[in-house]
Amino acid sequence: MNATYQTISQETIDFAKDLPLIDLVERLLYFSRRKTSNNMILCPFHEEKSGSMNINAPGNFFKCHGCGANGKGSISFMIQYLWGPNAKGNRSKFIPAIEAICETMNHHIIYEDAPSTDQNHSKPSRTESTPRTFTPNSIKPSAPSKDMKLIKKANQLLLKHTQLSPEHFDHLTKARKLKKKTIIEKGYRSFPEKPSHVAREMAKELPTLEGIPGFYQATPKKGDKYWTLRGSAGFLIPVRNEHMEITGFQYRLDKPRYKITCLDLDGNDHKLLSAQLNYETMELCIKWSGQPSFSVPIKEACEIPVSSNGKNIGLVKVKPMNKYLWLASTDLEKGTPATASYHIAVPTSFLKEKKSPIGVKRVGITEGPLKGDIAAEILNIPFSCTPGLSNWKVCVEGALALKADEYIIYLDADALMQRKIDYTTGEILNDLGTAIEGIAKALVQAGKKVFLAAWDQSEAKGIDDILLMGLTPKIFPIN
């Protein structure tokens, strides 16, 4: 008899294959790329005081002139980064490396069902491997099996040992217009200023912190290793299942990183124009031939034309990277990846009265936990929230778990025209409503009544925005 198993999708594999190496290294090692073909950085594969590793952006390859580590493409780099240069070409590391790349780039991993035969029984497992020992911070790429009971307990303890800052409370009440009782019941928290202190307190009530997404062991220059939590300033958003159990956390960064691109009049990388952002002051310094020219304050995405003697000579594009990340510690010692899962958002009354959302008449569908929490509160219905448009199948799983009769799709207006990037050419492609079409078909096939909500994108982007403006989207039946 043939069974089925879960295998990583070709779409996910293609993302990792096509991802420019320079983008991965920039995110992984926190260095700022130069507007040249070659970027010399400190080699992550051996200890050194001056950079000897070359990241060649046009050729998409890397080579260390110190230890000799080399390879082409993001997957090769990640395999060696996690398991050491001796693992180069090891096919058993191929899938785990792709998963680690997606985790690092905050790209949702898509798994698919595939038939199983006697020779092919299960999804490739992430078996334990000997961690590399040639760097001070040895990394175990393979996380232990996830104990969901332990994870759920740890998630509750994280709420117990953290608080919500006044600044984040003001943001949620003023910008997001959530009521105090809603903020309390939902369990929003600020990322702790001293994450190691929180880890120490949680360790007193748990058998181990290993296997809990976001936690890892840090190695100080002096003293013993200690547990801590990976992340940075922002507020935590509990992600819940249909039983209202916290299965994970997203967090919204206070200061997301920005992608800065300097272009010439033909739209190519400028050879003389460059820019550098000071994340403390949020001042963008525009440089010509490496020399500062002028500065601009940055608050959001923008395009800054650069001129000389009244003539336009280039353009600086500033775009914030993802504000919402998952608590995860994939590439750190004894760290654990997060699994991007659906979030079931319910009105505050459900949480306060411990009312189950299973079996309600109507359920909404949208993208993102915070957006879903806001929409559920205003419309007074539960929502199943997808972690991303490319991961819409996860959202359908959550929606069907609620066993409702009717479903309304409230995806962002621009989801009708989904944009994708070809990482090989940089070309922007349009994908017509893939997520909306997929969700609608899956629900219709399950025998559900499905509706589509639509609104003028010029008025607001997301369902939370349109509702907070006091407007109502139009609802159209699909079947």
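Glu205 counts as partly exposed at 30% relative accessibility, a class that lies between buried (under 20% relative accessible area) and exposed (over 50%), with a 1.4 Å probe and protein chains only. Glu205 forms a salt bridge with Lys160, the closest N and O atoms being 3.1 Å apart, where a salt bridge is defined as a side-chain nitrogen of Lys or Arg within 4 Å of a carboxyl oxygen of Asp or Glu. Because Lys160 belongs to helix α5 (residues 148-160) and Glu205 to the loop between α8 (195-203) and β8 (215-218), the pair ties together parts that are 45 residues apart in sequence. Lys160 itself counts as exposed, at 53% relative accessibility. Helices (H or I, at least four residues) and strands (E, at least two) are DSSP runs, numbered from the N terminus.

The model is predicted, so that local features need pLDDT of at least 70 and side-chain atom pairs count only at pLDDT 80 or more, whereas totals for chains, interfaces and linings use all residues. Residues are numbered from 1 along each chain as its sequence is written, and side-chain values use heavy atoms, with hydrogens and water left out.

A search of the whole structure finds ten salt bridges. One of them joins the side chains of Arg176 and Asp464 (3.6 Å, N to O); Arg176 lies in the loop between α6 (166-175) and α7 (180-186) and Asp464 in helix α13 (residues 463-468), 288 residues apart. Arg176 counts as buried at 14% relative accessibility, and Asp464 counts as buried at 4%.
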